[in-house]
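Please look over the model below before reading on. The notes that follow take it point by point.

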Amino acid sequence: MQGDSYILGMVGLGTMGRNLLLNMADHGFKVAGHDKDASKVELLGKEAVKGDVKGFTSLQEFIGSLQKPRAVMLLVPAGKIVDSAIAEIAPLLDKGDLIIDGGNSHFTDTNRRAEELKNKGLHFFGMGVSGGEEGARKGPSMMPGGDPQAYKVVQPIFEAIAAKVKGDPCVTYIGPGSSGHFVKMVHNGIEYGLMQLIAETYEVMQKGLNLPGDQIQSIFKQWNEGRLQSFLVEITRDIFGFKAPGASHLLLNDIKDEARSKGTGKWTSQVAMDLQLPIPTIDTAVSMRDLSKYKALRTKASALYKDGALKITADQTKFIQSLEEALYFSTVLAYAQGMHLLSQASAEYGYALKMDDIALIWRGGCIIRSTFLEDIYQAYKKDNQLPHLLLDAGIAQKVNGVIGGMRQVVSAATAAGIAIPAYTASLSYFDAFRSERMPSNLIQAQRDYFGAHTYELIGKEGVFHTQWFTK
């Protein structure tokens, strides 16, 4: 069947795929969707209240309905399902057609798929999509990377449906190869860090200050109107105001304290380890999600170890102000670590990332959107080769203004026996980062002592080894 009608086709009509397709239709693009599940195709038809959008259960009819060069976007779970979908679709396409993977695929899989499809004459790029269900429908942030010529085919569509901030669409060509999926992976790593920091803030408020839910909601509402304004603080505010129908208490209080994940935070930590670049705030967030799953062990341990009053006796009003400063400080550190990872990966993998553009498209549509991203954008706009966000003078001024509150919160919470691991990891990273001389010289001496691994000397060329003990 030869078709010449629909400008883009979506494979996978789950929540994200369906909402993105409807978003495109809303903006006047004729689009088609495919899913093996007939109920999802039917739901697409019911929700398509305007625009030209059509669903197919037949893959052949779906491909045949697309205009050439065909552009097929996949929004299916990462992993083997992506490979299976490509294996089914590729034989039905012609040379010059385009496949877009819009899921959270690991960047190494994206590299492999791009090479395999290139050998078949097909264009391919991976694109990170952030914003969840609402973002997909009303305007997400998108991170496409790969074949630049292929991106131009769909660029007008993505720029039209993306979130807009100050008139700028929250989408840009990221770079070659797997860069789009890599940037989305780091985005998710930062997301892990920010969510853990907010959760620890809640822990301090609830245990340390014994604040009721309505007061916690009021605090997050106030914070969201200032420099901490962000999507995650906003939804936290809403969570502390939600009660199930007929209930007298917050739904939050009924939710198990066992956090799940889909792996992108772990991938971020693994890659950072491979690149020998520290991102302890993000690493800690991943570890705490893992620890939360060991509920039975934690319950037994809670009966054995009662150390810590779990109460903070400081002036409540002043301490809440310090807590705001501490969350702001830690937020800056989470972003700074993520951006440092991006800059290092850019050099290592040849991505040639434009750091200011990345900050620009994260300002709207995505889960980590925040007021602070404007500061990040301005820092990298001034110097796109900035080696680390904390070295920007404007950022340094902001950090210096809140470090006192950070130290007070970490000190008080630690003394009270309240776990704030992401806070402490952020502060320790900062203190080590600003240390002109770290105690690592002792580690080198130890390594040379037990393994003859050698060391280098200050102001003297060469590699040295010492016989540290006499037999």
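1. **Surface.** The protein chain exposes about 22600 Å². Carbon and sulfur atoms supply 53% of that area. Accessible areas come from the Shrake-Rupley method with a 1.4 Å probe, and for residues only the protein chains shown count as cover.

2. **Ground rules.** This is a predicted model, in which local features need pLDDT of at least 70 and side-chain atom pairs count only at pLDDT 80 or more, while totals for chains, interfaces and linings use all residues. Residues are numbered from 1 along each chain as its sequence is written, and side-chain values use heavy atoms, with hydrogens and water left out.

3. **Overall build.** The protein chain has 20 helices and 11 strands. Both are DSSP runs numbered from the N terminus: helices are H or I with at least four residues, strands are E with at least two. The C-alpha atoms fill a box of roughly 80 × 70 × 45 Å along the principal axes.

4. **Inside and contacts.** Buried residues make up 48% of the 471 residues. Buried means under 20% relative accessible area, exposed means over 50%, and partly exposed lies in between (1.4 Å probe, protein chains only). Take the contacts with a separation of 6 or more: residues 24 or more positions apart account for 69% of them. A contact means heavy atoms within 4.5 Å.

5. **Charges.** The protein chain has 50 positive and 50 negative side chains. The centres of the two sets lie 2 Å apart. Lys and Arg count as positive, Asp and Glu as negative; His and the chain ends are not counted. Each charge is placed at NZ of Lys, CZ of Arg, CG of Asp or CD of Glu.

6. **Domains.** The protein chain is divided into domain 1 (8-173), domain 2 (184-434) and domain 3 (440-470). These bounds come from an automatic or database domain assignment. The C-alpha centres of domain 1 and domain 3 lie 55 Å apart.

7. **Asn-19.** Find this residue in helix 1 (residues 15-26). Is Asn-19 buried or exposed? Asn-19 is buried, because its relative accessible area is 7%. Not counting residues up to four places away in sequence, Asn-19 touches Glu-47, Glu-133, Ala-136 and Arg-137.

8. **The loop between helix 3 and strand 4.** Pro-69 is found in this loop. A cis peptide bond joins Lys-68 and Pro-69, with omega about -10°. Arg-70 has its place in the loop too, between helix 3 (59-64) and strand 4 (71-74). Arg-70 counts as buried, at 7% relative accessibility. Beyond four places in sequence, the residues touched by Arg-70 include Leu-92, Asp-94 and Asp-97.

9. **Gly-139.** This residue lies in the loop between helix 6 (132-138) and strand 7 (141-146). Gly-139 counts as buried, at 8% relative accessibility. Gly-139 and Ala-162 are 23 residues apart along the chain, but their C-alpha atoms are separated by 4.5 Å. Among the residues that Gly-139 touches, leaving out those up to four places away, are Asn-23, Ala-162 and Gly-365.

10. **Helix 11.** Which residues of helix 11 (residues 264-274) are buried? They are Thr-264, Gly-265, Trp-267, Thr-268, Ser-269, Val-271 and Ala-272. Their cover includes helix 5 (107-118), helix 8 (179-208), helix 12 (280-292) and helix 14 (316-349). Just after helix 11, Gln-276 takes a positive phi of about 55°.

11. **Phe-430.** Look in helix 19 (residues 421-433) for Phe-430. Phe-430 is buried, with a relative accessible area of 11%. Setting aside residues up to four places away in sequence, Phe-430 touches Phe-329, Leu-333, Leu-390, Val-399, Ile-403 and Arg-407.

12. **Two positive phi values in loops.** Leu-310 is not a glycine, yet has a positive phi of about 60°. Leu-310 sits in the loop between helix 13 (295-304) and helix 14, and is partly exposed at 32% relative accessible area. Ala-452 has a positive phi near 50°. Its place is the loop between helix 20 (440-451) and strand 10 (455-457). Ala-452 is partly exposed, with a relative accessible area of 44%.
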